[in-house]
Amino acid sequence: METAQRADRDRGETMLEPDFDPAPTAVQIGRCGYLSPCRAPRCATSYTTIVLRKIDAAGRPVRQIELCDIHAEIMIARERKRGFEIFDRRDWR
Ligand SMILES: [Zn+2]
């Protein structure tokens, strides 16, 4: 399970190409299955529970960020306000 999620993350990162600038249109919320520090600035939490994945209109991942519960809620509220569609996939195991 952990290996699959890591592979998924790596694939997301390799899709970022310099001359390719897809506009994200939605945010997918998932559970973080691996240990990673929260990416929010100045966050003291050393492990994350949530992964936010920005996806473009075709459903391709544009950007992925690991966050703790608190920063995930803040980020979700902000992205919702900016007009992003929010897909909550936290029920997925
Ligand atoms: Zn945090």
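## Overall architecture

From the N terminus on, the elements of the protein follow the order α-β-β-β-α-β. In total there are two helices and four strands, where helices (H or I, at least four residues) and strands (E, at least two) are DSSP runs numbered from the N terminus. The model is predicted: local features need pLDDT of at least 70 and side-chain atom pairs count only at pLDDT 80 or more, whereas totals for chains, interfaces and linings use all residues. Residue numbers start from 1 along each chain as its sequence is written.

Of the 93 residues in the protein, 16% are buried. A residue is termed buried if 20 or more other C-beta atoms lie within 10 Å of its own, exposed if 12 or fewer do, and partly exposed in between, with C-beta atoms placed from the backbone. Among contacts with a separation of 6 or more, 59% join residues 24 or more positions apart; two residues are in contact if their C-beta atoms, placed from the backbone, lie within 7 Å.

The four strands form an open sheet in the order 3-2-1-4, with mixed pairing. Strand 3 (61–67) and strand 4 stand at the edges with a single partner strand each, so one side of each has no neighbour in the sheet. Neighbouring strands of this sheet are turned by 20 degrees against each other on average, direction ignored.

Strand 1 (residues 24–31) pairs with strand 2 in the antiparallel sense over seven bridges; pairing requires that DSSP finds at least two bridges between two strands. Arginine 31 stands opposite isoleucine 50 in strand 2. Helix 2 (residues 69–81) lies across strand 1, strand 2, strand 3 and strand 4, and runs at about 25 degrees to strand 2. Axes are lines fitted to C-alpha atoms, for helices over the stretch in contact, and angles run from 0 to 180 degrees between N-to-C directions.

## The nonpolar core

The largest nonpolar core has nine residues: Val27, Cys32, Cys38, Ile50, Val51, Leu52, Leu67, Cys68 and Ala72. Strand 2 (residues 50–56) gives the most to this core, with three residues. Such a core is a set of buried Ala, Val, Leu, Ile, Met, Phe, Trp, Tyr and Cys residues joined through C-beta atoms within 7 Å.

Leaving aside neighbours within four places in sequence, cysteine 68 is in contact with Cys38, Cys43, Thr45, Thr48 and Thr49.

## Glutamate 85

Glutamate 85 lies in strand 4 (residues 85–88). This residue counts as exposed because it has 11 C-beta neighbours inside 10 Å. Apart from residues up to four places away in sequence, glutamate 85 touches Thr25 and Ala26. The C-alpha atoms of glutamate 85 and proline 24 are separated by 9.8 Å, although the two residues are 61 residues apart along the chain.
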